[in-house]
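Please keep the sequence and the coordinates in view while reading.

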Amino acid sequence: MFQSQSSKGMLALAAMGLITGSTASLETCESSTPFSCSSSSAEPTCCFNSPGGALLLTQFWDTDPSTGPKDSWTIHGLWPDNCDGTYEASCDSKRAYSNITAILQDQNLGDLVDYMDEYWVDMNGDNEDFWSHEWNKHGTCINTIEPSCYSDYKAQEEVGDYFQKTVELFKTLDTYKALDAAGITPSTSKTYSLSEIQEALTDMHGASVYLGCSSGELNEAWYFYNVKGNVVDGTYKAVETLTDSGCPKTGIKYLPK
Ligand SMILES: *[C@@H]1O[C@H](CO)[C@@H](O)[C@H](O)[C@H]1NC(C)=O
């Protein structure tokens, strides 16, 4: 679990030695800490995401086979990209796990697992494998949730934080609803232009979004952020996509699930 930003009073009491709680927490970050990607000279710290300073919440729209609810996109992952759009992967083999469900349940995050089973689903039906892949490949590269960034660290605590944060961000980015509000609805016959899809999602996010297509069918959306402070309770700011869209300009299909 992570400590909320509004726990200054608790911290003051703790500093005075009045409580000796055993709750692990991430380092509290100064308000003067810069946004990630805003300074190329700043070193990685527990309060500065680097080199993966661009945090991407990525989503899928899978129709063949279809995954998740018919009226919702699904989670792909939370990725720390470098500020130039390249990325590091699989950063710590010692923290690569294949038992994500057990780790989350052990942290009393059973409700999170239930949510993930609905909205963070593998195309081939192997959610456990998909979640492991996302954590091992991307999660281990987020420097602000390395074990050394926690006080009273408990094993795999950062894994719980990673999955909780990803779901929390996903819930703020309802791609289906944003498209629907702009009249962009799944159809076997209608097609859409890249600019109208881009505009609807930019309106929601506050910055341009990466859109991915496969054979001219819309199937991915990536939302980019810079973060001030650590990835769990830092401040997120929407930033423009670092990756060019992989969709044609016109005639894009958005198929029903
Ligand atoms: C998950 O696996 C790791 C090692 O691979 C192990 O250390 C840990 O105890 C396991 N967690 C649970 C809750 O089973």
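A disulfide (a pair of cysteine sulfur atoms within 2.5 Å) connects Cys-213 and Cys-247, with an S to S distance of 2.1 Å. The torsion about this S-S bond is 95°, and the link of Cys-213 and Cys-247 is right-handed. Cys-213 belongs to strand β6 (residues 210-214) and Cys-247 to the loop between β8 (235-238) and β9 (252-253), so the pair ties together parts that are 34 residues apart in sequence. Helices (H or I, at least four residues) and strands (E, at least two) are DSSP runs, numbered from the N terminus. Cys-213 and Cys-247 are both buried, where buried means under 20% relative accessible area, exposed over 50%, and partly exposed in between (1.4 Å probe, protein chains only).

The model is predicted: local features need pLDDT of at least 70, side-chain atom pairs count only at pLDDT 80 or more, and totals for chains, interfaces and linings use all residues. Residues are numbered from 1 along each chain as its sequence is written, and side-chain values use heavy atoms, with hydrogens and water left out.

The structure contains five disulfides. With the bonded cysteines numbered in sequence order, the pairing reads 1-4, 2-5, 3-8, 6-7, 9-10. One of the disulfides joins Cys-29 to Cys-47, again with S to S 2.1 Å. Its torsion is about -90°, so the disulfide of Cys-29 and Cys-47 is left-handed. Both cysteines lie in the loop between β1 (25-26) and β2 (54-60), so the pair ties together parts that are 18 residues apart in sequence. Cys-29 is partly exposed at 22% relative accessibility, whereas Cys-47 is buried at 8%.

Another disulfide runs from Cys-46 to Cys-149 (S to S 2.1 Å). With -80° about the S-S bond, this link of Cys-46 and Cys-149 is left-handed. Cys-46 lies in the loop between β1 and β2, and Cys-149 in the loop between α4 (127-137) and β4 (150-151), so the pair ties together parts that are 103 residues apart in sequence. Cys-46 and Cys-149 are both buried.

Attention now turns to charged side chains. Three salt bridges are found in the whole structure, each being a side-chain nitrogen of Lys or Arg within 4 Å of a carboxyl oxygen of Asp or Glu. Arg-95 pairs with Asp-92 at 2.7 Å, N to O, and both of these residues are buried. Arg-95 also meets Glu-158, at 2.9 Å, N to O. This pair links distant parts of the chain, with Glu-158 in helix α5 (residues 157-171) and Arg-95 in the loop between β3 (74-81) and α2 (100-106), 63 residues apart. Within helix α5, Lys-165 and Glu-168 are three residues apart and so separated by about one helical turn; the closest N and O atoms of their salt bridge are 3.1 Å apart. Lys-165 is buried, with a relative accessible area of 5%, while Glu-168 is partly exposed at 38%.

Finally, which residues are around the ligand? They are Tyr-97, Asn-99, Ala-102, Asp-106 and Gln-156, a residue being counted if one of its heavy atoms lies within 4 Å of the molecule. Taken alone, the ligand exposes 360 Å², of which the protein buries 47%; the areas come from the Shrake-Rupley method with a 1.4 Å probe.
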